[in-house]
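Please look over the sequence and the model below. A short report on selected features follows them.

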Amino acid sequence: MSEKKRKHVSPDHKNYVNKTVRSTKDEDISKTNVDLHISPWYLTPVLADKYYQHTESENVYVAEVLDQKMTAQLVKTLSSQYPLTGLSHVKRVRARANGKKNAGLEIIICRAIDVNINHLDSSSTSIQTEKIMKTDVSHLNALSEFCKLFVVPKYPPLTRKQYEQSSQLWPVQFHEDKYIARVMNNQVFTTSELNFIEQNMSLALKLAMVSKCHVGAVVVDPATKTVVARAHDFRNKHTLQHAVMVAIDLVAQGQNGGAWNRYGLQIGPNLQEAESLNDSCIKRENHTTSQSLDECCGKDCRLTKTSPYLCTGYDLYVTREPCTMCAMALVHSRIRRVFYGVSTPWGALGSRYKIHVWEGLNHHFEVWKGVLEKQCQL
């Protein structure tokens, strides 16, 4: 399974962390020795496995069309007798693949498994056509006497590469997802947006140095370029208080919710006035880029919320790949995108699992890895 990476070389990073943003404890952050001399890093999308799978095949029986004027009628008859269940992406008819012009046509009679239903030997590479056809024996004159066993793509192609592989077996229909194509070809983010991503991960790195477990997390509202919440790991105080869980809880506190004490962590006001957050509130810092993040991400990433539900429309930056618990919390909080620095053996967003793309869940989100990967290996 290969993943295409985009190399990013930073501009001058003398101080990417805005000084107006307060840390857990200002003096703790100021004493951290994070090496922010940024080396090149590679941003890699974490997509579902189906986008990387090699083409699987299924056996079908194919006959030669002797009378091409009967092709349309043959397709109609065979579609009724032997519908290509699960193979709607496969074209029923193709030009014979012998490299010659006007070489004639070939038509799929049925799937090999359908022959099995009729108690015929589906392992045979050649079967008499009349033994397969159920009715309309008159059409036999338009087909070759024997059907031969061929392989066709079992699943519809999702990427250009899969389409090219599938077409080598048999012609298929292909409707390319333009956004996925941009993701796989690293055409989603501009340089200024990559700088913005790096800026937020640099802040997460600063927070990680305060934590004994060296994990920091930052929640950002990309619509306004503001930090909504930032946290580091507190599992030494509470088993469940991983950096991601604490960050989500802080977002909830900004919406008059939350379940835990803040332990000195600070969040920016969300729907409430700053005064309602007591002494723990800070002003939300503004980040500016030449282009809005939501402008670069296509239809799949545009913000549609009018008021947030937890992390709806927000992006998370975390130094390490989240575990299963944190990944499920991100699903339930409706996060928009996750950027993490370094993978972990127990990670649930690419390493052990890919929870963000599980089809059975009612929310999915994008994941990108490799942001400041070297620095995140604390």
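## Basis

This is a predicted model: local features need pLDDT of at least 70, side-chain atom pairs count only at pLDDT 80 or more, and totals for chains, interfaces and linings use all residues. Residues are numbered from 1 along each chain as its sequence is written, and side-chain values use heavy atoms, with hydrogens and water left out.

Helices (H or I, at least four residues) and strands (E, at least two) are DSSP runs, numbered from the N terminus.

Two strands pair if DSSP finds at least two bridges between them.

Strand 3 (residues 57-65) pairs with strand 7 (residues 146-153) in the antiparallel sense, over six bridges. N59 has V151 of strand 7 as its bridge partner.

## An enclosed helix

Helix 8 (residues 243-253) has 11 of its 11 residues buried, so it is largely enclosed by the rest of the structure. Buried means under 20% relative accessible area, exposed over 50%, and partly exposed in between (1.4 Å probe, protein chains only). The buried residues include D249 and Q253.

What covers them includes strand 8 (216-221), strand 9 (226-232), strand 10 (315-320) and helix 10 (324-332). Contact here means heavy atoms within 4.5 Å.

## Aromatic rings

The structure holds six aromatic pairs. One of them, Y163 with F174, is stacked, at 4.9 Å centre to centre and 15° between the planes. Rings of Phe, Tyr and Trp (its six-membered ring) pair if their centres lie within 6.5 Å; planes under 30 degrees apart count as stacked, over 60 as edge-to-face and the rest as tilted.

Y163 sits in helix 5 (residues 160-167), and F174 in the loop between helix 5 and helix 6 (178-184), 11 residues apart. Y163 is partly exposed at 25% relative accessible area, whereas F174 is buried at 16%. F189, Y317, F339 and W368 form one aromatic cluster.

## Cysteines

How many disulfides does the structure hold? It holds zero. A disulfide is a pair of cysteine sulfur atoms within 2.5 Å. For C147, the nearest cysteine sulfur is that of C110, 7.1 Å away. C147 is buried, at 0% relative accessibility.

C376 lies in helix 11 (residues 373-376). C376 is buried too, with a relative accessible area of 1%. Leaving out residues up to four places away in sequence, C376 touches M201, L205, T319, G341, V342 and V371. The C-alpha atoms of C376 and H214 are separated by 8.7 Å, although the two residues are 162 residues apart along the chain.

## A buried asparagine

N200 is found in helix 7 (residues 191-208). Its relative accessible area is 1%, so N200 counts as buried. The side chain of N200 reaches the backbone oxygen of F196 at 3.1 Å. A polar contact is a pair of N or O atoms within 3.5 Å; within protein, one must be able to donate a hydrogen and the other to accept it, and residues adjacent in sequence count only if both atoms are side-chain atoms.
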